Amino acid sequence: MAPLAAGIILSYAVFAFLAIRHIWLAMAALNGSMPYVWPYSAVFLLLAWQMTACFLEQPYKCHRGATEDLNTVVTVPVYNEDPALLADCLESLLSQSRRADHIFVVDDGSKADHVDYTAVREDFEMAARAVDVRTSWIRCTPNRGKRHAQAVAVRGTPEADVYVTVDSDAILDYQAIAEGMKPFADPDVTSVAGILLLANNRKNLITRTSELWYVMTELIDRSAQSAMSCVLVNTGTFALYRAEILRKHLDAYENETFFGRPVQFSDDSMLTLYAVLKGKTVQQPTALGFTAMPENLSHHFRQYLRWMRGMTIRTFWRFRYLPLNSYIYWLHFVRWVQACITIPLFLTVFAIDPIRTHHFPLSLFIVPVLVGYGRSLRYLTIRRYDESVWSQILTYLTAPLVVMWTYTVLRVLWWYGMATCLKTGWGTRQQVEVSLEESCEG
């Protein structure tokens, strides 16, 4: 509780300073001397609400017996994954304090000249028999995508009450499934998002800044939504769903098209959309998982473009299907209004005005940096057992880099992703891109 309390106090100290500054600017704007203060104030109010709501999120608690009778199946789609990472993923599933009833692995046509899972499969099946966990391992050819692999697992497990979706490079914390199952004691909960950390966060500057950016997205944006029981996007690497959600929508999920083009990505956001239309979608901040993330710019850019294209496509479905009288519809609407305001404002303030006036105010850097440090304080409330406190602080200190990277490079990629959303192919991993050996260096 002490780190959390410190994070709350320090975060609101930063935002109190910014609030006073906005009030002062608003008073100056009444004289016409601050033309951009009103849209910036609107953005600040939305950010202030997010910071308030995210602290309202509380982990679900219940006695273990409340969800013990729910039959749990883990789906593990595999495609060109590093065998060592896959072995660690499967080992973490078998080491859970609350083991799944069935682990279903689907090798979706991995290229035989790139990977060989024979030894991984033999060791996994032997270890599973020792702890009395049922397993299935199916190889499908040709490669048809993650959704098809998950659909194979769903059709092969009619007994499931809850599906745990993990990626083949996910390594779950010992308590991950036990904690992730707790919200299902509430019959209205239809999906649960886990918290994802980076297993290779100390590899280089890209992975350090990615961890801070990714974790803060979970602990600010998603936590604020979870407090209202309306999470819009689960972590595809580790999430849990009522089985009826997947079964009811399986054909549509597997065969989604956008303007006649098959959509292979954004699977996590589509499953979460199905879930939020049916009931409560929440995040369990005590359910932790680890994954390997891009270690070079090429992979990082392709991954982010895929996310932005998926976000654009999913926006159409949300505006079409989310109830008009729901909180999440209007939150989603306001976020897009914010985007439409900030895009031209960003270009004007950071490009057009400095060129026209030959002056670049230092505050354009100082304010985003302060906001970045204020938002990022929540990162320090998660203590990693595989990393020293000083290493986590070093990651936190990269907040200015994260802010400037998202304000500039990722913002441009976001626009490009929206403009090219009709490119609906997967776009990554035609071969092994991150290996365990490389991830553990340094």
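## Glutamine 225 in helix H8

Contact here means heavy atoms within 4.5 Å. The model is predicted. Glutamine 225 sits in helix H8, residues 205–226. Its relative accessibility is 12%. Buried means under 20%, so glutamine 225 counts as buried.

Which residues does glutamine 225 contact, leaving aside its neighbours within four places in sequence? The partners are Cys230, Val231, Leu232 and Leu331.

## Aspartate 251 in helix H9

Aspartate 251 belongs to helix H9, which spans residues 243–254. Is aspartate 251 buried or exposed? Its relative accessible area is 51%. The cut-off for exposed is over 50%, so aspartate 251 is exposed.

The side chain of aspartate 251 makes a polar contact with the side chain of arginine 155, at 3.1 Å. Histidine 148 is 103 residues from aspartate 251 in sequence. In space, the C-alpha atoms of aspartate 251 and histidine 148 are 9.7 Å apart.

## Helices H4 and H5

Two packed helices are described by the angle between their axes and the distance between the axes. Helix H4 covers residues 83–94, and helix H5 covers residues 118–130. Their axes come within 10 Å. They cross at roughly 5°. That angle makes H4 roughly parallel to H5, because angles under 35 degrees count as roughly parallel.

Which residues make the contact? H4 supplies Pro83, Leu86, Ala87, Leu90 and Leu94. H5 supplies Val120, Phe124, Ala127 and Ala128. By class, the contact of H4 with H5 has 9 nonpolar residues.

Strand S10 runs over residues 280–291. Of its 12 residues, 9 are buried. S10 is therefore largely enclosed by the rest of the structure.

How many bridges join strand S6 to S10? There are 8, and the two strands run parallel. S6 spans residues 189–198. Valine 192 has valine 282 in S10 as its bridge partner.

Strand S5, residues 171–172, also pairs with S10. Here 2 bridges join the strands, and the direction is antiparallel. Leucine 172 stands opposite glycine 289 of S10.

Terms used
Residues are numbered from 1 along each chain as its sequence is written. This is a predicted model: local features need pLDDT of at least 70, side-chain atom pairs count only at pLDDT 80 or more; totals for chains, interfaces and linings use all residues. Side-chain values use heavy atoms; hydrogens and water are left out. Helices (H or I, at least four residues) and strands (E, at least two) are DSSP runs, numbered from the N terminus. Buried means under 20% relative accessible area, exposed over 50%, partly exposed in between (1.4 Å probe, protein chains only). A polar contact is a pair of N or O atoms within 3.5 Å; within protein, one must be able to donate a hydrogen and the other to accept it, and residues adjacent in sequence count only if both atoms are side-chain atoms. Axes are lines fitted to C-alpha atoms, for helices over the stretch in contact, and angles run from 0 to 180 degrees between N-to-C directions. Angles under 35 degrees count as roughly parallel, over 145 as roughly antiparallel, 65 to 115 as roughly perpendicular and the rest as oblique. Ala, Val, Leu, Ile, Met, Phe, Trp, Tyr, Cys and Pro count as nonpolar, Asp, Glu, Lys and Arg as charged, and the others, Gly among them, as polar. Two strands pair if DSSP finds at least two bridges between them.
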